[in-house]
Amino acid sequence: MTCGVAILGSTGSIGTSTLQVLRRQRERFRVVALTAHSNAELLEDQAAEWRPAYVGLVNSGKGADCLVEAATRADVQIVVNAVVGAAGLEATLAALRAGKRVALANKEALVMAGELVSEAARAGGGEIVPVDSEHSAVLQCITGRRPGELARLILTASGGPFRTWTPERLAGATVAEALQHPTWKMGKKITVDSATLVNKALEVIEAHFLFGLPYAAVQVVVHPQSVVHAFVEFVDGSVLAQIGFPTMELPILYALTHPERVPDGGARRFDPVEAGALTFEPVRPELYPAYALGRAAGEQGGTAPAAFNAANEVAVQLFLEGRIRFGKIAETIERVLAAQWPPSAQSLEDVLAADAVARRLAREAACS
Ligand code: NDP
Ligand code: MG
């Protein structure tokens, strides 16, 4: 029997990498649902190749409901959530409540509503398995261990394209410069998030919710080669790391098969000599002001992480449209987080209300 997979956001970077993995794993998995936002042409090509039972395009008559419909089908066992941004939240909640495994690339939803997502998994018997490479690395290191044995995580960050820039030059970086990621080829939003290090702040919050560690035990180090994906320290002081040349295909495959491993010939095999020197540096706070803001929002808890995420989504969109300069992304986030954020994020209404207010404040702050 093959396992039914729904891919939400099948036309994006993670979506197409997922299909690339599944081309090699047809005896284990079958694609039963695909969704996209507006790229009808690629979605049609994918549908012709995979013949899924369900195809949904948000930017058509179907609207956003198609994500939940695809995620909760009876013939789906695994939902790969590769949607970008807050739009992925409701489908993750619905899939977990329906008892599915969610292979989660859509970190924004977990950041917005970590408690609700964890609660949905408990209530419905669903399971979240991270696709994000750092979190996959952690999961691979801790699988088989008891939760009390885990002491500390160190997530790696490439540092993005501006790692060696001065703060003054950085404030005026162009869209083209921000989209030149040194080690990963990804969608535009996460590529900008990697340049501001917002991505790493989102990942710290993601790790807090996935692995149940306090923020002080989730640390970050800059590692320009992106070969070590994370370090995991255990209570006895021993440290494990997961290593590989940068590719999302391995963490995607592992999210589908965890805790098992299956033979796969897709990824370039690791060679330490080819990898060469591996270097590690502290995060330079003056280069990445949004990183500390995101960590602080995580520690504040309640609806602050949702506000952080929403402010960033609005600011990144405006930056990509050429309407604000790079430095304004962090300034916008700072202005939004200065407002009072309700401490309760217990219901979807609480979270969506904070998201909406933060988006409005962000537009005002960005354009002032
Ligand atoms: P892309 O922009 O490449 O793809 C996004 C996908 O989501 C597309 O299929 C897009 O459809 C769809 N989509 C966009 N907006 C909506 C919406 N409002 N409703 C429904 N579907 C929508 O992003 P990535 O693949 O790079 O990233 C996806 C997620 O994975 C993000 O959360 C990112 O942080 C995370 N991630 C990505 C990594 C990477 O290597 N790319 C690594 C780790 C995490 P359409 O094409 O029609 O617009
Ligand atoms: Mg990552």
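**Close-up 1. Ligand 1 and its surroundings in the predicted model.** A polar backbone atom of asparagine 39 lies 2.7 Å from an oxygen atom of ligand 1, in a model that is predicted, with local features requiring pLDDT of at least 70, side-chain atom pairs counted only at pLDDT 80 or more, and totals for chains, interfaces and linings using all residues. Residues are numbered from 1 along each chain as its sequence is written, ligands are numbered from 1 in the order in which they are written, and side-chain values use heavy atoms, without hydrogens and water. The side chain of threonine 11 places an N or O atom 2.6 Å from an oxygen atom of ligand 1, and a backbone N or O atom of glycine 12 is found 3.1 Å from an oxygen atom of ligand 1. Ligand 1 is surrounded by 25 residues (each with a heavy atom within 4 Å of it), and the closest are Thr11, Ser38, Asn39, Glu108 and Gly187.

Close-up 2. Domain 2 (133-245 + 272-285) and domain 3 (301-368), whose bounds come from an automatic or database domain assignment, have centres 23 Å apart, taken over C-alpha atoms. The contact (heavy atoms within 4.5 Å) involves 18 residues from domain 2 and 13 residues from domain 3. About 1,200 Å² is buried between domain 2 and domain 3, with 80% given by carbon and sulfur atoms; buried area is the accessible area (1.4 Å probe) that two parts lose on being put together, summed over both.

Key:
Polar contact = N/O pair within 3.5 Å; in protein donor to acceptor, adjacent residues only side chain to side chain.
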